[in-house]
Amino acid sequence: MSALKRRLAALHADHRRIALGAARVAFFLLMGKAVGAFKEMAVAYRYGISDVVDAYQFTLTLANWLPVTLVGACSVVLIPALVRSRREPSVHGRFLGELQAWALLLGVLVAGVLLLAWPLVLQVAGQGLSPEVQSMSRLLILGFAPAALCTIWTGLSAARLRAHERHINTLLDSVPALMILIWVLAAPADAGVMPLLWGTVLGYMLQAWWQRQLAQRADGVPTRLRLSRRAPPWSSLAAAAGIMLVGQLAMSFVGPIDQYTAAELGNNANATLGYAARLLSLLIGLGAASVGRAALPVLADIQGRGDAAHARSMALKWSAAMLGAGAVAVLLGWWLAPWGVALLFERGAFTAQDTLAVAQALRWGLLQLPFFFGVLILVQLLASQNRYGWMAAIAVGNFLVKAVLNTVLAPQMGVAGIMLATSVMYAMSYLGYLFLALRMPSATPAAGGGT
């Protein structure tokens, strides 16, 4: 322990900021993912690989697509803007009030669009689903559409907290899973999809309220809702967010493409894909997300000080370390996959045959870990440099690679082919970001510049 303390003391102060922030995020993620794991165990015990899980997985993925896309695009550009604006409390307060007003309006519009468009979504993306699954999906969307508003509101609060290098929002991400766990365990056996519906809706609502309270306390400035864009940070934020939205939209289609491909495969492929993807998310969250979430505010602060070379050096070192950690995770995960799936899920309605199907898909999905781990820190570097145009171009390329590979690999390998396509996509993404990181610009581009 004393040797570890000496090593941390010898690190550059900015490396320590990332390391300590990553440690806090990892701790919160571990607690949150534990809740998520118990939730998945309860769902597997109650429903197994069944029509209910097909409907839940399909509806949640597609209903979350638009709000998560918007939050993802805006958060990357919003955190550096918040780091800069908080230096002037009066400007910061007005900026926050305007951001919250627009977030509420956007959330209401997205919820309305989901409710109105869902019959068309089922006709196009859900045509391979059985009539029973489609009927359950129509019921679920009545709750998931309002949850979309909460997702956008929560995303803004999370960006506010991360701008202060506070990562409690990572723990609060587990609130919806906790509510689902409670409802699934408490509901009678014949409750159908209703425990999943109510647990999701109430969980998202509680998370949104709680996170907003913490963000307001962290900022410490009075805010008033204003549906305007008069605060100075808007001048650079709007252009940058527009560029990032293009790339985020492209990447956001990966989830719906996977759901559509799995629906075409039939035989509860959506449920198999969902279980494997959620296990992968546990590993990704504990590994890459902890460093990635901690790095952006630190790198943005370093760029603000004008030390671009130091920011690049830090990011490349962290990326190499994460690439190696991901390779080790693949080796261990490939060996332990059947045991891990059986330990978490094989009980009740989830059979040994289900374990084999999920473990096979999980193994091919594990191949993405080194590249996902390595690229995430490079994404934060380019975001801190405001190189959003290049980021958008890589995202569009990722989508094209994924779309082509799904059509080639899924018919040959089933759900495992969908996972392998994702792994190849992240490998290509890593190479693109590494090339750009090595080609450091001579000066930090103006916000909104992309190339």
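Contact, in this talk, means heavy atoms within 4.5 Å. With that in hand, let's go through the structure.

What you have up there is a predicted model, where local features need pLDDT of at least 70, side-chain atom pairs count only at pLDDT 80 or more, and totals for chains, interfaces and linings use all residues. Residues are numbered from 1 along each chain as its sequence is written, and side-chain values use heavy atoms, with hydrogens and water left out.

Okay, the overall picture. The protein chain comes to 16 helices and zero strands. Those are DSSP runs numbered from the N terminus, H or I with at least four residues for helices, E with at least two for strands. Of its 451 residues, 56% count as buried. Buried is under 20% relative accessible area, exposed is over 50%, and partly exposed sits in between, with a 1.4 Å probe and protein chains only. The chain exposes about 18800 Å², and carbon and sulfur atoms supply 69% of that. For the area itself, think Shrake-Rupley with a 1.4 Å probe; for residues, only the protein chains shown count as cover. And if you take contacts between residues at least 6 apart in sequence, 87% of them join residues at least 24 apart.

Now helix α3, residues 51–85, where D54 sits. V52 counts as buried because its relative accessibility is 14%. V52 and N268 are 216 residues apart along the chain, yet their C-alpha atoms are separated by 9.9 Å.

N268 comes up again with D54. Is D54 buried or exposed? D54 has a relative accessible area of 6%, so it's buried. Skipping residues up to four places away, D54 touches V133, N268, N270 and A271.

Further along α3 there's L82. At 1% relative accessibility, L82 is buried. Leaving out neighbours within four places, L82 is in contact with H92, F95, L96, L99, A159, R160 and A163. L82 and H164 are 82 residues apart in sequence, and 8.8 Å apart C-alpha to C-alpha.

On to the rings. How many aromatic pairs does a search of the whole structure find? It finds 10. The rule is that rings of Phe, Tyr and Trp, taking the six-membered ring for Trp, pair if their centres lie within 6.5 Å; planes under 30 degrees apart are stacked, over 60 edge-to-face, and the rest tilted. One of them is Y56 with F144, edge-to-face, 5.9 Å centre to centre with 75 degrees between the planes. That pair links distant parts of the chain, with Y56 in α3 and F144 in helix α5, residues 131–163, 88 residues apart. Y56 is buried at 6% relative accessibility, and F144 is buried at 2%.

Then there's W334 and W364. Why call that pair edge-to-face? Because the ring centres are 5.6 Å apart and the planes are at 75 degrees. W334 lies in helix α12, residues 308–345, and W364 in helix α13, residues 352–366, so the pair ties together parts that are 30 residues apart in sequence. W334 is partly exposed at 32%, and W364 is partly exposed at 24%. Ring pairs also link Y275, F345 and F350 into a cluster.

Last topic, helix packing. α13 packs on helix α16, residues 415–438, at an angle of about 10 degrees, with the axes 7 Å apart. That makes α13 roughly parallel to α16, and the contact is made by Q360, A361, W364 and G365 of α13 with V415, A416, M419, L420 and S423 of α16. The crossing of those helices is right-handed. Axes here are lines fitted to C-alpha atoms, for helices over the stretch in contact, and angles run from 0 to 180 degrees between N-to-C directions.

The other packing I'd show is helix α4, residues 89–124, against α5: their axes come within 9 Å and cross at roughly 160 degrees. So α4 and α5 are roughly antiparallel. α4 passes α5 in a right-handed crossing. Right-handed is when the near helix is turned clockwise from the far one by less than a right angle, left-handed when anticlockwise.

Key. Parallel < 35°, antiparallel > 145°, perpendicular 65-115°, else oblique.
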